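Subject: A structure for you to look through

Hello,

Here is the structure I promised to pass on. Please open it beside this email and follow along as you read.

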Amino acid sequence: METPDGPRAGGWASYDAVRADTAPQPSPPPPPTPVSSRPSRLNAGRLWAGGVMTAGVAGLTAVVAVLLVRGVFGVSVFGPAGDGVPENTSATLPALTAAGAALGATGVLHVLALTVRRPCRLFSFLVTLATTALVLLPFTTTAGTGEKVGAAAVRLAVGVTVGALLSAVGRGAQRRGR
């Protein structure tokens, strides 16, 4: 005796329902891990190559800023002659200082990349604070207003250059893990 549902009282529909409930179902794929929580690995060679390049650009930025402030605006960057500053000081000292600061900042970024979850964000905050302190430092001296503003402008140009370039280098030197 066959019923419209199948050969037995439960019918084919019941058999299919039971079979669908007991059959192993494929599990859905796990949700993708957000990029920010994946571990990052540092490409140290890329970081230091970018740091050396940044040091060169920072040195050139210092030279250009000194030439602009002293040559175009006629303001001494180092203070008036006679306060321990020679009258005809070159732009070599600010260029070497800027290059050294860029290399030191690369070292700080390297340490942060090895120890902190978001190193570029923390590095940006540190560079901003250091640049602010260095820009304000000339205003604590007894030099004239022009010399204070000139020195602050050179330091600001170098700080912005180092911060912008090394932040980009740091992001590029991090490889995302799987």
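Helices (H or I, at least four residues) and strands (E, at least two) are DSSP runs, numbered from the N terminus. By that rule, the chain has five helices and two strands, and along the sequence they come in the pattern α-β-α-α-α-α-β.

A word on the source: this is a predicted model, in which local features need pLDDT of at least 70 and side-chain atom pairs count only at pLDDT 80 or more, while totals for chains, interfaces and linings use all residues. Residues are numbered from 1 along each chain as its sequence is written, and side-chain values use heavy atoms, with hydrogens and water left out.

**The chain as a whole**

Of the 178 residues, 31% are buried (under 20% relative accessible area; exposed is over 50%, partly exposed in between, with a 1.4 Å probe and protein chains only). Contact means heavy atoms within 4.5 Å. Among contacts between residues at least 6 apart in sequence, 73% join residues at least 24 apart.

The expected span of a helix is 1.5 Å times one less than its number of residues. Helix 2 (residues 44-72) has 29 residues and should therefore span 42 Å, which agrees with the 40 Å between its end C-alpha atoms. Its buried residues include L47, G50, G51 and T54. Just after helix 2, G74 has a positive phi of about 70°.

Helix 3 (residues 92-115) has 24 residues, so it should span 34 Å; its end C-alpha atoms lie 35 Å apart, in agreement. Among its buried residues are A95, A98, A99 and A102.

Leaving aside residues up to four places away in sequence, H110 touches L42, A44, L47 and W48.

**Helices 4 and 5**

Axes are lines fitted to C-alpha atoms, for helices over the stretch in contact, and angles run from 0 to 180 degrees between N-to-C directions. The axes of helix 4 (residues 119-136) and helix 5 (residues 145-173) come within 9 Å and cross at roughly 170°. Helix 4 is therefore roughly antiparallel to helix 5 (angles over 145 degrees; under 35 is roughly parallel, 65 to 115 roughly perpendicular and the rest oblique). The contact includes F123 and V127 of helix 4, and L156 and G159 of helix 5.

Happy exploring!
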